[in-house]
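Let's take a friendly look at some charged partners and how they link up. Have the sequence and the 3D view ready.

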Amino acid sequence: MNMRNELFIDGKWAPAARGGMLEVFNPADGKAFHAIAAASAEDVDRAVIAARRAFDDGVWPRMSGRERAHYLRRIAEVIRGRLPAIAELEVRDNGKPRAEAEWDIGDAAYTFEYYASLAEKFDEERSEAIALPDQRFKTRVVREPVGVVGAIIPWNYPLLMAAWKVAPALAAGCTVVLKPAESTSLTALELAAISEEVDLPPGVLNVVTGLGPDVGQPLVDHPLVDKLAFTGSGAVGSRIMAAAAKDIKRVSLELGGKSPFIVFEDSEIDKAVEWVMFGIFWNQGQVCSATSRVLVHEQIYHKFLERLTAEARKITIGDGLKKGVLLGPLVSDLQHQRVTAAVEKAVAEGATVVTGGGRPKELETGYFFEPTILTDVPLTSSAWTDEIFGPVVCVRPFSSEKDAVALANDTRFGLAAAVMTRDAGRAERVAAALRAGTVWINCSQPSFIEAPWGGYKQSGIGRELGRWGFENYLETKQVTAYVSDDPWGWYIKH
């Protein structure tokens with residue numbers, strides 16, 4: 001597969017206006033293996049103007065949903081046809097194990113298929129007649145695409161996060177300027193190449209790579225952008241929201257989390273351990289919804305901790321392209337430094353490292369970090385309150401259901417939460433009490449394109465996925481017609 005290194009603007013490939021380039025590093029060995037264009041505000045302006053022209057004067061928003069669905073299905077077909085190669089590219093760029101990458105790429109293809117089906121249904125649903133008490137008027141409500149979308153995505157699920165934003169936006173009739181994370185841009189560029197291959201009209205999808213201050217900020221500030229869709233840290237999300245307020249841009253934000261997992265005393269310990277491991281060690285813990293605060297009933301706490309520790313130590317760590325590897329490297333040297341510093345700070349604040357805590361001894365190069373279990377973490381410690389975004393889990397005992405729910409909800413985040421128990425009534429009761437956008441019962445982390453995704457509190461604004469994700473990219477218009485022959489009679493009466 002030909003790895004792209006230029007920007008994709010208005011249906012054409014071009015170098016950055018200032019000629020800048022960024023090296024691309026393989027997280028498994030820390031070596032550069034490619035370079036991509038480092039765009040600037042000039043390139044962002046060209047991309048936004050292209051998207052604006054494609055929306056205002058082009059065919060895309062004026063097509064039927066069925067016509068747009070054709071393009072989305074073709075994109076999905078090409079992704080599926082190249083799934084092994086795209087997955088390998090994702091591994092080299094991001095570091096995750098190949099099996100996880102293949103799962104992600106398959107999900108990305110399905111995302112385009114799902115929103116193709118919603119685009120087809122939209123033909124019948126875009127206009128709705130409203131019953132009025134005054135028969136001299138007829139009113140209909142029309143749903144229309146919001147316009148030009150600036151989409152900014154993170155590095156933990158590069159192609160899948162692109163699909164979560166691009167697919168519903170295109171299905172709705174919007175045009176998009178996509179800014180991928182600078183450390184993981186290769187599969188976003190491949191998506192651009194696929195859009196070119198399926199003859200997506202010029203300007204409908206533009207991909208601009210580069211650093212946040214040079215690309216992300218100009219995209220957020222651009223007056224011709226109608227909506228911003230962002231997934232990433234709370235700090236950046238807050239700045240985007242503040243910047244969008246200047247022009248009253250539409251905003252949807254999917255931000256961080258510090259998700260709890262409550263394990264009650266009637267839980268089957270082996271199953272609980274399996275789901276806890278999936279909740280924190282999948283994708284190296286680089287998951288916004290990772291259940292990184294595990295609350296275990298005191299009756300089973302020591303047995304659970306012993307079993308979790310034993311299983312964590314069995315996890316195979318290594319290059320994601322090697323068979324049998326379950327935990328790849330962190331995405332970058334910077335992220336490795338951040339996770340290392342977070343664990344060191346936790347220990348300084350009183351936490352105990354039960355297992356892990358640093359680089360595996362046998363892996364001297366690359367950005368590898370051991371599965372790490374912390375106990376005795378003070379409730380005021382940043383390890384308990386802040387997102388670490390690595391394979392680090394804090395485990396704490398609790399004595400009562402009330403205590404567990406209070407500890408779980410004692411956070412500024414509210415993206416996800418999990419509860420494990422054999423008592424169905426308790427499961428539903430606790431799920432209702434947890435303040436989070438997604439609550440898992442007897443599992444952790446499954447997500448489905450059909451269901452809404454997003455958080456309470458500082459975990460974001462709005463919802464992605466399902467019909468809720470589609471509605472993110474629509475405006476609502478009222479159209480009212482006077483159908484009587486006597487307009488002055490109505491005016492005088494009122």
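Glu401 is partly exposed, at a relative accessible area of 23%; partly exposed lies between buried (under 20%) and exposed (over 50%), using a 1.4 Å probe and protein chains only. Arg429, at 45% relative accessibility, is partly exposed too. The side chains of Glu401 and Arg429 meet in a salt bridge, which is a side-chain nitrogen of Lys or Arg within 4 Å of a carboxyl oxygen of Asp or Glu. Glu401 sits in helix α13 (residues 401-409) and Arg429 in helix α14 (residues 424-433), so the pair ties together parts 28 residues apart in sequence. Helices here are DSSP runs (H or I, at least four residues), numbered from the N terminus.

This is a predicted model, where local features need pLDDT of at least 70 and side-chain atom pairs count only at pLDDT 80 or more, while totals for chains, interfaces and linings use all residues. Residues are numbered from 1 along each chain as its sequence is written, and side-chain values use heavy atoms, leaving out hydrogens and water.

How many salt bridges does the structure hold? There are 29, including these:

| Salt bridge | N to O distance |
|---|---|
| Glu401 and Arg429 | 2.8 Å |
| Arg82 and Glu190 | 3.1 Å |
| Arg82 and Glu197 | 2.4 Å |

Arg82 lies in the loop between α2 and α3, and Glu197 in helix α6, 115 residues apart. Buried or exposed, what is Glu190? Glu190 is buried, with a relative accessible area of 5%, whereas Arg82 is partly exposed at 27%.

Terms used. Helix = DSSP H or I, 4+ residues; strand = E, 2+ residues; numbered from the N terminus.
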